[in-house]
Amino acid sequence: MDKKLYDLVNTQINKELYSAYLYLSFADYYKDEGLDGFANYFEIQAQEERDHALIFRKYLLENDEVPKLLAIDQPDKTFSNYLDPLNAALEHEKYVTSLINDIYAAALEAHDFRLQQFLKWFIDEQMEEEDNARDMITKMTLFGKDQHSLFELDKEYGSRAYSVPTPLAKA
């Protein structure tokens, strides 16, 4: 594997694990605010991000590369209202999309067709992640000021269940 591509993929493992930490901090905020459904949503989101890291790790291993696990930064976000974590989530998902795009561009330049194919799932996943984040912001903006509606939103997010991402389910 090209050294630049290895470094980008290996770094992505770290970025995905940081995403899990970040989303756990969102879950902690909502839990502390009494919104257990929102906390559940972000706990599951953290599981998904951890799984994304494992998918990238598995890719390296399957390509005879040894992952190098890097230190994970501590999340530094603070929130003053229920909308703040949702806006931070969208901002973060856009950042992750840019990272995936950078890896894809480097794979394209290096003519690494296997990596390009591998990244297709992540490109689709990021589109879904950004859509979900936008949807949560819209719902909170529309309904978050009404206690009954906020309660219903919290119930909706509390019903979210974890499912293993397709690339890991194939293992």
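Tyr 23, Tyr 41, Phe 42, Gln 45, Leu 86, Ala 89, Glu 93, Glu 129, Asn 132, Ala 133 and Met 136 line the largest cavity of this predicted model. The elements that give two or more residues to this lining are α2 (36–62), α3 and α4 (113–143). Helices here are DSSP runs of H or I with at least four residues, strands are runs of E with at least two, and both are numbered from the N terminus. Helix α4 provides the largest share of the lining, 4 residues. By class, the lining residues divide into 7 nonpolar, 2 polar and 2 charged. In this scheme Ala, Val, Leu, Ile, Met, Phe, Trp, Tyr, Cys and Pro count as nonpolar, Asp, Glu, Lys and Arg as charged, and the others, Gly among them, as polar.

A search of the whole structure finds 1 cavity of 30 Å³ or more, and the volume of the largest cavity is about 70 Å³. Rolling a probe the size of a water molecule over the atoms shows where empty space is left. A cavity is a set of points, on a 1 Å grid over the protein atoms alone, where a 1.4 Å probe fits but cannot get out, and lining residues have an atom within 4 Å of a point. Grid points are joined across faces, edges and corners, and the volume is the space filled by probe spheres set on the points.

Residues are numbered from 1 along each chain as its sequence is written, and side-chain values use heavy atoms, with hydrogens and water left out. As the model is a predicted one, local features need pLDDT of at least 70 and side-chain atom pairs count only at pLDDT 80 or more, while totals for chains, interfaces and linings use all residues.

The next topic is the nonpolar core. The largest nonpolar core has 26 residues, and those with the most contacts inside it are Phe 26, Tyr 30, Phe 38, Phe 42, Leu 86 and Met 136. At least two residues of this core come from each of α1, α2, α3, α4 and α5 (147–158), and α1 gives the most, with 8 residues. A nonpolar core is a set of buried Ala, Val, Leu, Ile, Met, Phe, Trp, Tyr and Cys residues joined through side-chain atoms within 4.5 Å. Buried means under 20% relative accessible area, exposed means over 50%, and partly exposed lies in between (1.4 Å probe, protein chains only). In soluble globular proteins, nonpolar side chains tend to be buried together.

Helix α1 can also be followed through its packing. The axes of α1 (residues 3–32) and α3 (residues 83–109) come within 11 Å and cross at roughly 170°. That crossing makes α1 roughly antiparallel to α3. Their contact has 20 nonpolar, 3 polar and 5 charged residues. The axes of α1 and α2 come within 8 Å and cross at roughly 170°, and α1 and α2 are therefore roughly antiparallel to each other. The contact of α1 with α2 has 17 nonpolar, 5 polar and 7 charged residues. Axes are lines fitted to C-alpha atoms, for helices over the stretch in contact, with angles from 0 to 180 degrees between N-to-C directions. Angles under 35 degrees count as roughly parallel, over 145 as roughly antiparallel, 65 to 115 as roughly perpendicular, and the rest as oblique.

Some individual residues complete the tour. Glu 16 lies in helix α1 and is buried, with a relative accessible area of 1%. Ile 100, found in helix α3, counts as buried at 1% relative accessibility. Between Ile 100 and Lys 120, 20 residues apart in sequence, the C-alpha to C-alpha distance is 9.6 Å. Trp 121 belongs to helix α4 and counts as partly exposed at 22% relative accessibility.

Tyr 162 is placed in the loop between α5 and α6 (166–169) and counts as partly exposed at 30% relative accessibility. Its C-alpha atom is separated by 5.8 Å from that of Ile 44, although Tyr 162 and Ile 44 are 118 residues apart along the chain. Asp 64, in the loop between α2 and α3, has a positive phi of about 60° although it is not a glycine, and at 74% relative accessibility Asp 64 counts as exposed.

Conventions:
On a 1 Å grid over the protein atoms alone, a cavity is a set of points where a 1.4 Å probe fits but cannot get out, and a pocket is an open set with protein on both sides within 12 Å along at least five of seven lines; lining residues have an atom within 4 Å of a point.
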